[in-house]
Amino acid sequence: MNRFTDRKLPVKLSDLPKNDGKDQYEITVDKGQVRIKASSGVAACRAFYDYTKKNGLGFYSWNGKRFDAGTMLPDMASLKVKSPFEHHYNFNVVTYGYTMPYWDWTRWEQEIDWMALHGIDMPLALVASEAIMARVWKKLGLTDEEINSYFVAPAHLPWMRMGNLSQVDPPLTEEWHQSQVALQHQILKRMRALGMKPVCPAFAGFVPEAMKRLYPDIHIVQTSWAGSFHNWMLDPQEELFHTIGTEFIKEWEKEFGRNDYYLADSFNEMEIPFPPVGSSERYDLLASYGDKLYRSIRDANKDAVWVMQGWMFGYMRNVWEPATLQALLSKVPDDKMLLLDLAEDYNHHFWHNGNNWDFYQGFYGKDWVYSVIPNMGGKTGMTGFVDFYANGHLPALTSANKGNLVGHGLAPEGIENNELLYELITDAGWSDQKINTDQWYRDYAQTRYGKTDPALQQSWEYLKKSVYGSFTDHPRFNWQFRPGRVRKGSINVNPDFYKAVETFASCSERFQSVPLYQTDLIELTAMYVGGKMEELIQSVQDALLLNKKEVAQQQFDRFIELGEGLDQLLSTHPTHRLDYWVRFAENASADPVMKKKYQSNAKRLVTIWGPPIDDYSARIWSGLISDYYLPRWKMWFDGQLNNRQIDFASWEADWVKKDHVYAGHTSGSIQGKQSLALLNLATQVSLQQAQRDSDTKVFANWSNSEFGDKDGEVVFAVTAADLKNLSGLKLVRLTGNEDLKIKQIELIADGQTVFSLNNLRSSGQFRYTQLFPLDVPAGTTINNGGEIRIRVAAPKDSSAKGEIQGVYL
């Protein structure tokens, strides 16, 4: 608490027993004296943070902290809180790749403080996994070379641990292993001192192929993931599986002490060749697998609990139907298994396949944790249904299929983004009552900024109609992808979002001395500018397809101007900077060769990832915009003007390997002025202004359902004014999976066919959009009526619908 407040406070602590196994606390403040009764260290920290927030005194976040209580803390009558859950879980296996691979103790200490204040008591703790595994494998006889050629560089370790890949940017050095062991000692010591229950790694079955040199007759299956990556999985029926699993736990506890919870994931996004659904062979095999894995933990620590991530419960239901999961769990004692129902937000808002606890009948008597995934890949784009994150757990608490629901958690793929969501989710985990998100935001603004303003609440209403009232799987702008791949991004920057940012910014002068407000304004401005950049690059693409190069150049210059301004603005942000990310990697080694290797590995993850999986972890960061996204678009634009093909793959690979020096963090009073100046520039790029020379007009709507299984046509009226400067027709698909198949376009004026285009091929390069250049004959007039007639071939997807737009240059 003292690191939060930056001063020693008069706090008296006393013990309080748990309430039916669940944490509880009571806090009273009288004449500045704080008295906290709590059932754990985490509960005590949560109690104090709850007090500070309820009184608007302070806030603790990744972007900074605020504590302003004056000379004496305000009094508060007794506040009693009982958690509805035994456990409050945090992290995803891949958070150790997308955010934490190179963290040092200083950063870890801050994170543990954040977790304690937010009431997290069950964090995933995977640091030094490879150091312990290497010891076990060496005892079996593998050489350093065999082990190191299997290992991957730090940012990709999560996927090696889950069996998805191996041999990406190896090796791991002895220096790395020693530093990680020392770091994990610090992490676990602090977690345990606070009463946290860390979830540590177990052996999930993945080994180097070289293991067959020592054991030629063992059965090893090569795994496959994402089309290009592989690992090797040891058959659980082999005695060697039990040997490695048991020795790993023993070696871990010899180094770090006894632990209660161990994570092992063996089926992450992998198609395992199980016997077919319904066959007894399938279920017998899975029951044996679960039994063997659990025994490999139990025989080293009889009290340990096997923890398993449940991403596949919603993501791969075609594989994990109820009987399959039930079989896997069948031979594990109910109190020795903890299932992480990882992604209920995806169940409800992306897959739309209902509650996992209903589908799997309360998880067949096993303990389980309700969880959400508020971030994919560490992306910084804003998204999320705030009302769901506030209250989605309530139906589980009262469900007839709740079974042994014991925890609430969050499993983000990356953190240091969308701070509002994490504050809301962690508050929800300590409540069994419905949260009114409007009132919650009022309190949030007051405690985060130290004061509030009516404009903030109005901005919140707009945010709930845009980015925080929708759910996007992977929120990215089109300009974060390799040029030519995507026309439209997936961030919900609709008109309400633009109003939200403008309204939020309207009170910037009043909040100019509030750092957290200025940081939030930077993030909102980044989304605003990013949306305008997306509109601009779309208009550039249209102009080029219609051979209007001067218009394209004008729009592209605007795009670059906004991008460069955004990069400069983000250089003042505490964390949304490439140099912030890369410097953790560089500082992970004293060896100049390894510094450069780690830098490249960190850069690889947030760009080409492998390849493949390019731009999966796209971040809206300074340094990344100016050094990666904008140069890539400049090459593309030059190639379009000069009819040259660009080898993007080679340029991207070279960029990952190059040694770069970044300007780094800029701070100070310029933040607010920069934000407002960039917003002012961006507001001039409304959709119509951005396309001042390439405007669009919606002529008609189309629906494949109107055509049935036959050829058809779309006919719409046009006037002489419509034809003036008409350069093309754009056919945009809004729903469904099939674009219109155009056979002919005719312009009819005063009953006469002015021109007819046959055997058409779209000039468009993107899904969802087709663009057909039109050359309306000079002097064409319409006195008694005109129409455009588009003949289409019989469709296959009757659900597809869209618009027909005129493009003007």
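Q: How many salt bridges does a search of the whole structure find?
A: In this predicted model, the search turns up 46 salt bridges. Let's look at a few of them.

Q: What do the side chains of aspartate 291 and arginine 295 do?
A: They meet in a salt bridge, at 2.9 Å from N to O. Both residues sit in helix 11 (residues 280–298), four residues apart, which is about one turn of the helix.

Q: Is aspartate 291 buried or exposed?
A: Aspartate 291 is buried, because its relative accessible area is 13% and buried means under 20%.

Q: Which residue forms a salt bridge with arginine 448?
A: That's glutamate 419, with the closest N and O atoms 2.8 Å apart. This pair links distant parts of the chain: arginine 448 belongs to helix 19 (residues 437–449) and glutamate 419 to helix 18 (residues 419–428), 29 residues apart. Both arginine 448 and glutamate 419 are buried.

Q: Where do glutamate 713 and arginine 791 lie?
A: Glutamate 713 forms a salt bridge with arginine 791, and their closest N and O atoms are 3.6 Å apart. Glutamate 713 is in strand 18 and arginine 791 in strand 23, so the pair ties together parts that are 78 residues apart in sequence. Glutamate 713 is partly exposed at 36%, and arginine 791 is partly exposed at 29%. They also belong to a network of salt bridges that links Glu713, Glu746, Glu787, Arg789 and Arg791.

Q: Which residues make up the covered face of strand 18?
A: Here's the general idea: in a regular strand, side chains alternate between the two faces of the sheet. In strand 18 (residues 712–718), Gly712, Val714, Phe716 and Val718 form the covered face, while Glu713, Val715 and Ala717 form the uncovered one. Strand 18 runs antiparallel to strand 23 (residues 786–792), and seven bridges join them. Glycine 712 stands opposite valine 792 of strand 23.

Q: At what angle do helix 8 and helix 10 pack?
A: In general, two packed helices are described by the angle between their axes and the distance between the axes. Helix 8 (residues 174–193) and helix 10 (residues 239–256) pack at about 75°, with axes 10 Å apart. That makes helix 8 roughly perpendicular to helix 10. Helix 8 brings Val181, Gln184, His185, Leu188 and Arg192 to the contact, and helix 10 brings Trp252, Glu255 and Phe256. Sorted by type, the contact residues are four nonpolar, two polar and two charged.

Technical notes
Residues numbered from 1 in each chain as written. Predicted model: local features only at pLDDT ≥ 70, side-chain atom pairs only at ≥ 80, totals over all residues. Heavy atoms only, no water. Axes fitted to C-alpha atoms, helices over the stretch in contact; angles between N-to-C directions. Helix = DSSP H or I, 4+ residues; strand = E, 2+ residues; numbered from the N terminus. Parallel < 35°, antiparallel > 145°, perpendicular 65-115°, else oblique. Contact = heavy atoms within 4.5 Å. Nonpolar A, V, L, I, M, F, W, Y, C, P; charged D, E, K, R; others polar. Buried < 20%, exposed > 50% of the residue type's maximum accessible area, 1.4 Å probe, protein only. Pairing = 2+ DSSP bridges. Salt bridge = Lys/Arg side-chain N within 4 Å of Asp/Glu carboxyl O.
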